[in-house]
Amino acid sequence: MYKILLVEDDQPLSMGIEFTLKDEGYEVYKASTLEEGRMLFNLEDVDIILLDINLPDGSGYDLCKYIRLKSQTPIIFLTALDEEVNIILGLDIGGDDYITKPFRVRELLSRIKAILRRNSSKSINQNEMDNDNQIKSGDLIINTLNASVEKRGKNIILTAQEYKLLLIFVNKPKALLKRDEILSELIKGEEIFFDENTLSVYIKRIREKIEDNYKEPKYIITQRGMGYKWNMDILIIQK
């Protein structure tokens with residue numbers, strides 16, 4: 001049974017979400033403040049977090065930052081703030097998805113299921129990736145058996161979506177990938193929507209993790225007005 005932490009101060013909405021989630025078979029832990037959410041996160045091993053941005057004692061952004069210091073547990077922001085800057089900020093600090101209020105409960109369930117599905121498998125249907133291989137590129141080593149990434153012997157923690165995006169790039173080294181082409185691959189088989197701004201956020205997050213200097217990238221480079229390119233050679237080491 002999947003465990004969900006719901007941090008939402010709107011009690012009628014919180015009760016409605018809780019009822020629906022339990023009816024779908026999820027175990028739900030509820031919090032109505034930032035501090036309660038932090039306490040439950042530390043006490044319970046949850047699989048996904050639904051996080052309101054406006055809380056009585058602070059911002060959900062702050063709780064997201066706290067969680068990201070400790071865990072890569074998926075986070076979906078619940079927000080009445082649908083301005084692009086707020087959405088981008090939420091993704092930029094480590095959120096996996098967002099849904100703006102008011103929302104249909106079935107849409108929320110679809111988002112939850114999509115994230116849990118890809119977070120549990122971290123898989124992508126590409127020929128090279130189906131085998132127990134290592135992919136070497138520059139100082140990076142990608143182990144496809146356990147979906148792990150290392151740089152100079154140090155483990156790099158990627159979310160499932162970041163890992164999937166990384167594989168899209170390394171599967172087509174030195175090739176120019178247009179934004180719509182990347183987005184098409186990224187959302188394939190997922191009940192989820194990403195736009196170009198969201199894609200930019202994910203690429204920025206990957207760069208911060210794999211580049212020596214993310215402001216002067218050497219792995220994922222931008223071709224202005226055209227798209228992106230993985231700029232390193234790839235060596236597939238078959239075991």
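This is a predicted model: local features need pLDDT of at least 70, side-chain atom pairs count only at pLDDT 80 or more; totals for chains, interfaces and linings use all residues.
Helix H8, residues 196-210, is made of 15 residues and spans 21 Å from its first C-alpha to its last, close to the 21 Å expected at 1.5 Å a residue. Of the 239 residues of the chain, 49% count as buried.

**The chain as a whole**

- Among the contacts in the chain with a separation of 6 or more, 61% are between residues 24 or more positions apart.
- The chain exposes about 11900 Å², and carbon and sulfur atoms supply 48% of that area.

- Which residues of H8 are buried? They are Thr198, Leu199, Val201, Tyr202, Ile203, Arg205, Ile206, Arg207 and Ile210.
- An α-helix has 3.6 residues a turn, so residues three or four places apart point the same way.
- In soluble globular proteins, nonpolar side chains tend to be buried together.
- The largest nonpolar core has 27 residues, and the members that touch the most other members are Ile142, Val149, Leu165, Phe169, Leu199 and Trp230.
- At least two residues of this core come from each of the following: strand S9 (140-143), helix H6 (160-170), helix H7 (179-186), H8 and strand S14 (227-230).
- Helix H6 provides the largest share of this core, namely seven residues.
- A second, separate core has 23 residues, including Val46, Ile53, Leu91 and Ile93.
- Leaving aside neighbours within four places in sequence, tryptophan 230 is in contact with Ser137, Leu140, Leu166, Phe169, Val170, Pro173, Lys174, Ala175, Ile210, Tyr219 and Ile220.

**Aromatic pairs**

- How many aromatic pairs does the count give? The count comes to three aromatic pairs.
- Phenylalanine 41 counts as buried because its relative accessibility is 11%, and buried means under 20%.
- The ring centres of tyrosine 61 and phenylalanine 77 are 5.6 Å apart and their planes are at 70°, so this pair is edge-to-face; the cut-off for edge-to-face is over 60 degrees.
- Tyrosine 61 in helix H3 and phenylalanine 77 in strand S6 (residues 75-79) are 16 residues apart, and their pair links distant parts of the chain.
- Both members of this pair are buried: tyrosine 61 has a relative accessibility of 10%, and phenylalanine 77 has one of 2%.

- The buried residues in H2 are Leu34, Gly37, Arg38, Leu40 and Phe41.
- The cover over the buried residues of H2 includes strand S1 (3-7), strand S2 (27-31), strand S3 (48-52), strand S4 (54-55), strand S5 (58-59) and H3.
- The charged end of arginine 38 sits over the ring of tyrosine 66, at 4.7 Å from the ring's centre.

**Backbone features in loops**

- Lysine 101 and proline 102 are joined by a cis peptide bond, with omega at about -5°.
- Proline 102 belongs to the loop between strand S7 (97-100) and H5.
- Arginine 152 has a phi near 50°, which is a positive value in a residue other than glycine.
- The loop that holds arginine 152 runs between strand S10 (148-151) and strand S11 (154-156).
- Is arginine 152 buried or exposed? With a relative accessible area of 55%, arginine 152 is exposed.
- Lysine 174 also shows a positive phi in a residue other than glycine, near 65°.
- Lysine 174 is placed in the loop between H6 and strand S12 (176-178), and this lysine is partly exposed, with a relative accessible area of 42%.

**Lysine 113**

- Helix H5 (residues 105-121) contains lysine 113.
- Lysine 113 has a relative accessible area of 36% and is partly exposed.
- Apart from neighbours within four places in sequence, lysine 113 is in contact with Glu24 and Tyr26.

Key:
Residues are numbered from 1 along each chain as its sequence is written. Side-chain values use heavy atoms; hydrogens and water are left out. Rings of Phe, Tyr and Trp (its six-membered ring) pair if their centres lie within 6.5 Å; planes under 30 degrees apart count as stacked, over 60 as edge-to-face and the rest as tilted. Buried means under 20% relative accessible area, exposed over 50%, partly exposed in between (1.4 Å probe, protein chains only). Helices (H or I, at least four residues) and strands (E, at least two) are DSSP runs, numbered from the N terminus. A charge sits over a ring if NZ of Lys or CZ of Arg is within 6 Å of the ring centre and within 35 degrees of the ring normal. The expected span of a helix is 1.5 Å times one less than its number of residues. Contact means heavy atoms within 4.5 Å. Accessible areas come from the Shrake-Rupley method with a 1.4 Å probe; for residues, only the protein chains shown count as cover. A nonpolar core is a set of buried Ala, Val, Leu, Ile, Met, Phe, Trp, Tyr and Cys residues joined through side-chain atoms within 4.5 Å.
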